Amino acid sequence: MKFKSDSSHFDVSGPTVAVVGLGYVGLPTALALCDAGATVIGVDSSPERLRDIARGAVDLLPLHHAQLACASAGARFRLTPDATAVRDADAVVICVPTPVDARRRPDLAALSAACASVVEHAVPGQLIVLTSTSYVGTTRDLLVEPLRARGLTVDEDVYVAFAPERIDPGNERHTPERTPRLVGGAGPRSSRAAADLLAPTASAVRTVPDPETAEMAKLWENTYRAVNIALANELADACHSLGLAPAPVIEAAATKPYGFMPFYPGPGVGGHCIPCDPHYLLWQLGKVRQQAPLVATALAANSRRPARITERALGLLADSAVPAHGARVLLIGVAYKEGVADVRESPALEILAGLAEAGAHVAYCDPLVPSLRVGADALHHLPDPHTRPWDLVVLNTVHPVHDLTWLCADDAPPVLDTRQRGPLTKAAARAATGVPPAAEATA
């Protein structure tokens, strides 16, 4: 194996790296490693996902599409559903999803299966890096202890570390190469090996004392965001009650150069991180009878947000003397975030379902999401919504490709801006496709 150590660093020149899980984290990770000179084996259990990657039909930034095209044309990037392929790798990077179930409890099925497979096929001299967000202690429970049970001494025979993913989908300012990484090894040699492997793919690498510190840091990051999103939505509602537009207030507060980071209101939280990760922390704390009431309250507020938006939409219809039953309502954007095609945990799904349950005829315009299901019904993207009559338009997620100027005409339908940015003038409609410079409430 190529991970040969000396007193100061590991020689990682030209390693073969297996990336297990090629989703929104794994694929950019694989491309970054390939771009840094590694030979990459992409392992995914989904043949459909592998086919999509092979033909470039995946949701990536233009930069990463270019990387994928180059990697696919070369000999240092291959795809396989065969989990035993990790035996051929000098390093294994695990990037599988860690969702929650319907009761908001951690669903560790994919992570447990992936780690068990990697442990089964691990070979001496190999580095194993876990990146999936999970509870504190996951790395030891699912990798260190099972490897020890196989007779492999961690930090001597094999090297193990946790390096939490920091992928911001759809954001060109925060590509992996421009973002610092954390590494917590199961020993000093593991930390050095993981840091040396990941250094070419990040702006900087910060090592922390152990995997548990890195695991908690990741949970802290996303719990911080969840709490501040709930606060932004609550204060935005307060502004609305006081006759103020939240955006100018937030921008004014953001002129303070210390002690403040702007978060913006929105229809709720979506995606893989904010609706899920803090629940891993609450779940683990509950097992040791430790309460976190502030976090729990924030998560509950975030989960109620789509229903709150639905209520406001129905209220606007009532104000216009339009019965909810039979009302024509259009949602602009159904992805959970600007610039991505991902609808996982998107507030739009609950908003559409709530309006449909009230009897409204719902439709959506989102060129990044050709179709989706709302209950038993299949909906499809409307490419020309300006040609149809609407009783209400709800701005949910505004992509850069959206043209909202038609909503500024004299005969335009009423508009509910879930982001509470103020009146939708023509200038505001043109600017609406811009993403705020700091954290967004829909991210």
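Q: Is Arg-103 buried or exposed?
A: Buried means under 20% relative accessible area, exposed means over 50%, and partly exposed lies in between (1.4 Å probe, protein chains only). Arg-103 has 64% relative accessibility and counts as exposed. This is a predicted model, in which local features need pLDDT of at least 70 and side-chain atom pairs count only at pLDDT 80 or more, while totals for chains, interfaces and linings use all residues. Residues are numbered from 1 along each chain as its sequence is written, and side-chain values use heavy atoms, with hydrogens and water left out.

Q: Where is Arg-103 found?
A: Helices (H or I, at least four residues) and strands (E, at least two) are DSSP runs, numbered from the N terminus. Arg-103 is in the loop between strand 6 (91–94) and helix 4 (109–121).

Q: What part of the chain counts as buried?
A: Of the 443 residues, 52% count as buried. Accessible areas come from the Shrake-Rupley method with a 1.4 Å probe, and for residues only the protein chains shown count as cover. The accessible surface of the chain is about 19,300 Å², and 56% of it belongs to carbon and sulfur atoms.

Q: Which residues of helix 1 are buried?
A: Helix 1 (residues 26–35) is mostly covered, with nine of its 10 residues buried. The buried residues are Gly-26, Leu-27, Pro-28, Thr-29, Ala-30, Leu-31, Ala-32, Leu-33 and Cys-34. Gly-37 follows helix 1 and has a positive phi near 110°.

Q: What is phi in Asp-155?
A: Most residues other than glycine have a negative phi. Asp-155 is not a glycine, yet its phi is positive, at about 80°. Asp-155 lies in the loop between helix 5 (138–149) and strand 8 (159–162), and it is buried, with a relative accessible area of 11%. Glu-345 also has a positive phi, near 60°. The place of Glu-345 is in the loop between strand 11 (328–332) and helix 11 (347–357), and at 34% relative accessibility Glu-345 counts as partly exposed.

Q: Which residues is Ser-190 in contact with, leaving aside its neighbours within four places in sequence?
A: Contact means heavy atoms within 4.5 Å. On that basis, and with those neighbours left aside, Ser-190 is in contact with Leu-127, Val-154, Asp-155, Tyr-159, Val-160, Ala-161 and Gly-185. Ser-190 is in helix 6 (residues 188–198) and is buried, with a relative accessible area of 0%.

Q: Where is the backbone nitrogen of Val-160 relative to the side chain of Ser-190?
A: A polar contact is a pair of N or O atoms within 3.5 Å; within protein, one must be able to donate a hydrogen and the other to accept it, and residues adjacent in sequence count only if both atoms are side-chain atoms. The backbone nitrogen of Val-160 is 3.0 Å from a polar atom of the Ser-190 side chain. In another case, the side chain of Thr-255 reaches the backbone oxygen of Ala-252 at 2.6 Å. Thr-255 is exposed, at 63% relative accessibility.

Q: Which element holds Arg-49?
A: Arg-49 is found in helix 2 (residues 47–54) and is partly exposed, with a relative accessible area of 23%. A polar atom of the Arg-49 side chain lies 2.7 Å from the backbone oxygen of Leu-22. Leaving aside neighbours within four places in sequence, the contacts of Arg-49 include Leu-22, Gly-23 and Tyr-24.
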